[in-house]
Amino acid sequence: MSLEIICAEFGPRKNNNNLEFRMPRLDPTYTNVKNYFPDAKITLYTDRPEIANDYPDVNLHLVDVEKDTPFSKNHPYW
């Protein structure tokens, strides 16, 4: 069996209370998945490529949030 996890992380490294995250952005999800499924493939969609720096085996897909897509800040679903 193969497992693929798709993650999406957008925006600055702060939560709704304007507090800084203390752990890498994909944790604890990344660590738990790799603990139980070490061969799992993890794909990350983000506008912040530096997030992937903490994870050598994450497949990064950079999203341009300035284009008119559902990922755009001007899109009604943003």
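I kept in mind that the model is predicted.

**Entry 1: the helix**

I started with helix α1, which covers residues 29-36. I asked which of its residues are buried. I found Tyr30, Val33 and Lys34. Then I looked down the axis of α1. The buried residues fall within an arc of 95°, so they line one face of the helix. I recalled a general rule here. An α-helix has 3.6 residues a turn, so residues three or four places apart point the same way.

Next I checked the face turned away from the buried side. I found the exposed residues Asn35 and Tyr36 there. I also asked what covers the buried residues of α1. The cover includes β1 (4-9), β2 and β3.

**Entry 2: Lys34**

I then looked for a partner for its side chain. The side chains of Lys34 and Asp57 are joined by a polar contact of 2.9 Å. I listed the other contacts too, leaving out residues up to four places away in sequence. Lys34 touches Asp39, Ala40 and Ile42 as well as Asp57.

**Entry 3: the aromatic pair**

How many aromatic pairs does the whole structure hold? My search found one. The partners are Tyr30 and Tyr55, with ring centres 4.6 Å apart. Their planes stand at 55°, so I noted the pair as tilted. Edge-to-face would need an angle over 60 degrees.

I then placed both rings. Tyr30 lies in helix α1, while Tyr55 lies in the loop between β2 (41-46) and β3 (58-62). The pair therefore ties together parts that are 25 residues apart in sequence. Tyr30 is buried at 14% relative accessibility. Tyr55 is buried too, at 3%.

**Entry 4: the core**

Which residues make up the largest nonpolar core? I counted eleven, and both Tyr30 and Tyr55 are among them.

I finished with Cys7. I left aside its neighbours within four places in sequence. Cys7 is in contact with Leu26, Ile42, Thr43, Leu44 and Tyr45.

Technical notes: Residues are numbered from 1 along each chain as its sequence is written. This is a predicted model: local features need pLDDT of at least 70, side-chain atom pairs count only at pLDDT 80 or more; totals for chains, interfaces and linings use all residues. Side-chain values use heavy atoms; hydrogens and water are left out. Helices (H or I, at least four residues) and strands (E, at least two) are DSSP runs, numbered from the N terminus. A polar contact is a pair of N or O atoms within 3.5 Å; within protein, one must be able to donate a hydrogen and the other to accept it, and residues adjacent in sequence count only if both atoms are side-chain atoms. Contact means heavy atoms within 4.5 Å. Rings of Phe, Tyr and Trp (its six-membered ring) pair if their centres lie within 6.5 Å; planes under 30 degrees apart count as stacked, over 60 as edge-to-face and the rest as tilted. Buried means under 20% relative accessible area, exposed over 50%, partly exposed in between (1.4 Å probe, protein chains only). The arc is that of the directions from the helix axis to the C-beta atoms. A nonpolar core is a set of buried Ala, Val, Leu, Ile, Met, Phe, Trp, Tyr and Cys residues joined through side-chain atoms within 4.5 Å.
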